[in-house]
Amino acid sequence: MPEQTLLGPFEQVVLGAILSLGKNAYGVTIHARVVELSAPRGVTRGAVYATLDRLEDKGLLASWLSEPSKERGGRARRYYRLEKSGEQALRESAEAAKRLYETLARSWKGLAWKTQR
Amino acid sequence: MEDAALTPPALLEWAVERLLPVPARESVLGDLSEVYRGPWQYLREAAATVPRVAAGHAWRNANFPALGLNGALIWFCLGGLRANGRGLDTPTVALAVAAGLAALILIQMYGDAGRPSGARAIKGAIWTVGLVVLLCVWNFGLRYQRIGGGDYLLEFGMLQALPFVLPVLGLLRTGLLLQSDRQAERLADGSFALEDEHRAFSAAVRRGNWIESAGLIATGCAAPALAGPGLWLPAIFLVTAAYLLAQNILRPAGDEGLRGCYRRQLQARRQLRHFLSWLWAAPLLMAACRLLVWPGYESGRAILVSLGSSAIVSICFLARAADSECAGLLRERMARLEAGPA
């Protein structure tokens with residue numbers, strides 16, 4: 001049985017954000033998407049960077065520097081994309097979340113989602 | 001005009017840049033610049049970002065065994081627990097060890113780890129000899145105040161020969177430069193292939209570990225002859241040898257990908273090589289103190305003190321030079337890894 005990579009809740013959010021952003025996943029956009037997904041809890045930019053570095057060390061993400069950009073003071077963006085192992089880990093986390101939801105829904109005779117605005 | 005208004009002030013940006021670890025500067029500064037709305041907003045964002053990025057970088061790249069061994073070496077050299085009979089009191093030594101380790105971590109995060117140029121390296125040799133001459137003049141100047149001993153003039157004459165250490169230092173420094181130039185050329189040849197490069201690096205590290213651990217064991221056994229009685233220094237040598245052997249024998253556990261694993265190995269190697277540069281120098285430094293400096297002070301012979309302090313300065317220069325060449329080569333590997341295809 002292949003070894004599973006266990007993801008923490010925040011790591012799942014960050015990977016989900018990168019997946020949803022496609023080719024436009026870099027620091028600023030990833031942070032904005034993570035803030036959306038984590039609302040109403042605030043998320044600092046530093047926490048996102050630290051998690052991105054950790055996920056890259058685990059081999060779940062790959063990153064590269066783009067060409068320098070004038071609107072960023074001539075500095076490059078660091079783009080991120082999911083590796084196959086990252087996609088697999090995210091899929092496994094989603095399946096685990098689905099199983100948990102179904103278990104809770106059975107125990108509590110249904111589970112209504114409360115939309116956070 | 002509108003563009004200028006949405007650009008962080010240069011001084012503020014410079015300050016944030018200095019606080020960010022070198023590998024993170026480009027992307028994080030660019031991101032902060034992109035979301036800039038005003039100086040206070042920029043400061044708030046920087047305050048929320050820089051500490052986490054710096055702490056994360058320090059944690060990811062710390063080689064704790066090497067730092068521990070470094071701490072033990074500093075402890076021994078400063079006479080912690082008065083192992084060698086001379087030294088500072090224990091709380092002061094503990095503080096010095098903590099400060100030394102913190103400095104090591106900060107230097108790795110923020111220091112310019114590129115290889116020094118030839119001109120800079122030779123300038124370093126010239127400065128070293130200048131310091132040697134100053135120390136000798138200072139020693140003899142103090143000695144002159146309480147002149148005594150029939151061979152004072154002979155010793156002063158011998159002092160004139162000390163600046164000739166410059167060609168020797170220059171030659172040794174040039175040798176180190178040429179050796180690392182050759183390694184850098186081999187590294188630059190060919191395109192970057194992560195698996196091949198990682199394999200070659202790991203093989204070179206394993207070979208080096210076998211040879212160096214044998215050398216460390218031999219030196220650890222001979223250390224009392226140079227550094228004086230006491231088990232601290234031999235113990236540090238033997239523990240370091242055991243650590244290198246363990247690195248070869250044990251496979252690292254963890255869930256890192258190849259890129260993350262290679263990056264971590266490079267950073268760990270850099271810290272370890274820094275420690276090893278000074279570990280190899282330690283017995284020679286202790287010998288210079290034990291055999292020249294302390295007897296010189298005790299017997300009032302300035303020539304011994306001058307020779308000893310000159311030897312200490314020269315050994316420190318060479319240890320620092322070897323360390324900076326190694327660090328520079330590892331930094332070049334890191335740069336190839338970062339620039340390589342994702």
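Let me begin with one pair in chain A, where the side chains of A:Glu83 and A:Arg81 come together in a salt bridge, with 3.1 Å from N to O; by salt bridge I mean a side-chain nitrogen of Lys or Arg within 4 Å of a carboxyl oxygen of Asp or Glu. Please keep in mind that this is a predicted model, in which local features need pLDDT of at least 70 and side-chain atom pairs count only at pLDDT 80 or more, while totals for chains, interfaces and linings use all residues. Residues are numbered from 1 along each chain as its sequence is written, chains are lettered from A and ligands numbered from 1 in the order in which they are written, and side-chain values use heavy atoms, with hydrogens and water left out.

Both partners of that pair are partly exposed: A:Glu83 has a relative accessible area of 26%, and A:Arg81 has one of 31%. Here buried means under 20% relative accessible area, exposed means over 50%, and partly exposed is in between, with a 1.4 Å probe and protein chains only.

How many salt bridges does a search of the whole structure find? Over all chains, the search gives 11.

Another of these joins A:Glu36 and A:Arg33, at 3.8 Å from N to O. The two residues sit three apart in helix α2 (residues 27-38) of chain A, which is about one turn of the helix; helices are DSSP runs of H or I with at least four residues, strands are runs of E with at least two, and both are numbered from the N terminus. A:Glu36 counts as exposed because its relative accessible area is 55%, whereas A:Arg33, at 23%, is partly exposed.

Now let us turn to A:Arg77, whose salt bridge with B:Glu34 has its closest N and O atoms 3.4 Å apart. This pair crosses between chains, running from the loop between β1 (61-65) and β2 (78-82) of chain A, where A:Arg77 lies, to helix α3 (residues 25-34) of chain B, which holds B:Glu34. Is A:Arg77 buried or exposed? A:Arg77 is buried, since its relative accessible area is 15%, while B:Glu34 is partly exposed at 22%.

Back in chain A, there is also a network of salt bridges, which links A:Glu11, A:Arg54 and A:Lys58.

Finally, a few words on chain B, which has 13 helices and zero strands. Of the 342 residues in chain B, 43% are buried. If we take contacts (heavy atoms within 4.5 Å) with a separation of 6 or more, 79% of those in chain B are between residues 24 or more positions apart.
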